[in-house]
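Hi,

Here is the structure I promised to pass on.

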Amino acid sequence: MGKMAVGIALAMGMAFTGGTMAAGVERAAKPDGNVKFFLADPELGVAGVYTVNGTELYFEARRTLDAATGAPGALSLRVIDSEARTVALGGEPYAKQWEPQHGEFTKSDGFAYSDLLSGLGGALEAANLHVALSAEKSALADLARQAAGAPAARYPVRAGVDARRSSAPDAAQVADFYVRSAKDLGIARERDGTIQANLGNGITLLGSQKFIADEPGADGQMGRIDAYSMVKAADGYVLASELGGDEVPKGWLESMEAENARDHHALTTDFGRAATALNALAYSGTWAQGVAQGNPAEQATMQRLAQTLATHLLPVRDDAVAAGDVRRAAGGMYQTYIQVWRKPFVVIAEHSGTRVGKWRYNSATSTVKTHQGWTSYCNHGTCAATENMTHKCTFTGPRLTYYRVPARRTDAGGHTCSTPYWAIARGGHHNCHDDSSTQVRAVRGQAYGSNSYRCNDSIYWMYAPTCTAQ
C-alpha cells in the first residue's frame, strides 16, 4: 500500500471512530450549467465535457503517483475537442494520446475555440466540487483561460502548471471525500460468500469465488480459489469484469454478451460513478463493518476495477490512421484489443494473464473511438494490472462489424482451456500461459479451441506468450 493510501486509510479510521475530519463541500461532482463531470475523484482524477450549442470540449486532470511509494506527484492537464485533438496541454503528457499534434489547427479553429475555452474556464471555476479536488479544478480552469488568451495561430497551446496551486490534498481531505461517497452505498454478503454491492445509479458489483479442491493453485499447492467480479450498469451492460478461472458464474453469461446501447456520455458517466464508488468501498472496508468485511483480496479487486474503469474516459483518435495502417483504418465500428501481463514466479518462471478491451467508433468512417469496457482473464492467478504484474505487449485488432473476443459459449470452447489446470503443465493439462495464448489467438482471429492446440499439447510453456501470431 502506497503512502497516499496509508494516509487515507488512517484518516478514514478517524472518521469511523468519531475523529475530526476536514470540512468538505460535496461528496461528489454535480453538473454545473454546460459542464458534465464523468469523474471527479481525488485519487483517480477529473474528467468531463463542456457543451455549448452542440460543440464539445473535453477536459481531464490526472496526477502521477510515485511507483515505489505511491506518493502523489505532479498534475497533467488537457483539453481536447470532439475529434480528440489536443487543444491545450498543461504539464507533461500523461499518456501517448495526450501529445499535441502541431499543424492540425487553423486560425479559424483558434478563433472558434477562444470563446469556448473562456467559458470552460469560468464554468470549471464555478463548479461545486469537494475541497479535495480544489487543485484539479483551479488548474484546469487556469489552463482553459490561458488557452483562451492565446493567439489564434498558436493552437495547440502548451502551458505550465503552477506547483504552488496544484499540490495534492492532505489525507484527511481525501478521506472525507470517500467517507461521503460511501454513505449511499451498500454491500451484502450471501451465505455462500458471494457479494453484491450497490454502487449508485443502478450500478452493481457482483463477486463470487469458487474453491477447486482437486487442482493446484499457481503456487503448486493442491486446492485453489478462483475469484470472479463483474460491474454491471442499470441496463444490464457489463462495464468491467474479472474472470479468475475457466468458468463463468451462473447467470453472468447473458449480461457479458450484451452490447452497449447508450451514447458515450451516458456510458462514461457510469464508468466514473462506478470507479469512485469502488474506491470508496475499498478504503472504507477496513473500518466500516459490513463493507467488504475487511477482506484484503476483495479490497484490492475493488481498487483494481476502479483504476481501470477510470482509464480512457475521453474520446481517442485512432493512431493507425496517422501511421497509414489501412487494414485498421477501414472497416466497421468495432475494435478489440488484448494486453498480455506477466510477473516472475518461482514455480514456473512466470505467471501471465490478459486484459481484453473494446472500442467503438463514432461511425464506420470516423477516426474517433470511445472505450466500451474490458474483461480481465486472471488465468488461475494474479490479475492484470495488479501490483508486481507488468505489461508485456498489446495487440489491437482491425475494425470489424462485431467484437472479436474470447468465446464464452461457442463450438470453439470457452475463454480458457477446458483441460485440467496444472501450473507445470503436462500432457492433457494446461497452465496460465496456455490460457493466455488461447485468448490472444481469439482476438487475433486465429483458430482456437479449449481442448486443442496449446490446451492439450505435451509442451511445458514457462513464459507468457507474445501478442504476435501464436
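Which residues does Cys467 touch, not counting residues up to four places away in sequence? They are Ile338, Val340, Cys393, Thr394, Phe395, Val440 and Arg444, where contact means heavy atoms within 4.5 Å.

Before the rest, some housekeeping. This is a predicted model, so local features need pLDDT of at least 70 and side-chain atom pairs count only at pLDDT 80 or more, while totals for chains, interfaces and linings use all residues. Residues are numbered from 1 along each chain as its sequence is written, and side-chain values use heavy atoms, with hydrogens and water left out.

Back to Cys467. You'll find this residue in the segment after α10 (432-444); helices (H or I, at least four residues) and strands (E, at least two) are DSSP runs, numbered from the N terminus. Cys467 is buried, with a relative accessible area of 7% (buried means under 20% relative accessible area, exposed over 50%, partly exposed in between, using a 1.4 Å probe and protein chains only). Phe395, one of the residues Cys467 touches, is 72 residues away along the chain, yet the two C-alpha atoms are separated by 5.6 Å.

Next, the helix pairs. Two packed helices are described by the angle between their axes and the distance between the axes. Here the axes are lines fitted to C-alpha atoms over the stretch in contact, and angles run from 0 to 180 degrees between N-to-C directions.

Take α2 (residues 107-126) and α3 (residues 134-148): their axes come within 8 Å and cross at roughly 160°. That makes α2 and α3 roughly antiparallel to each other (under 35 degrees counts as roughly parallel, over 145 as roughly antiparallel, 65 to 115 as roughly perpendicular and the rest as oblique). The crossing of α2 and α3 is left-handed, that is, the near helix is turned anticlockwise from the far one by less than a right angle. On the α2 side, the residues in contact include Leu117, Leu120 and Leu124; on the α3 side, Leu140, Ala141 and Ala144 are among them. The residues of this α2 and α3 contact divide into 8 nonpolar, 5 polar and 3 charged (Ala, Val, Leu, Ile, Met, Phe, Trp, Tyr, Cys and Pro count as nonpolar, Asp, Glu, Lys and Arg as charged, and the others, Gly among them, as polar).

The axes of α4 (residues 171-182) and α6 (residues 264-284) come within 9 Å and cross at roughly 105°, so α4 and α6 are roughly perpendicular to each other. Phe177, Tyr178, Ser181 and Ala182 of α4 meet Thr276, Asn279, Ala280, Tyr283 and Ser284 of α6. That contact splits into 5 nonpolar, 4 polar and no charged residues.

Now some backbone details. A cis peptide bond joins Tyr155 and Pro156, with omega at about 5°, and Pro156 is found in the loop between α3 and β6 (157-159). Asn201, in the loop between β8 (195-200) and β9 (203-216), has a positive phi near 60° and is exposed at 54% relative accessible area. Asn379 has a positive phi as well, near 55°, but is buried at 1%; this residue lies in the loop between β15 (368-377) and β16 (390-396).

Thr386 also has its place in the loop between β15 and β16. At 19% relative accessibility, Thr386 counts as buried, and its side chain makes a polar contact with the side chain of Arg304 (3.2 Å). A polar contact is a pair of N or O atoms within 3.5 Å; within protein, one must be able to donate a hydrogen and the other to accept it, and residues adjacent in sequence count only if both atoms are side-chain atoms.

Cheers
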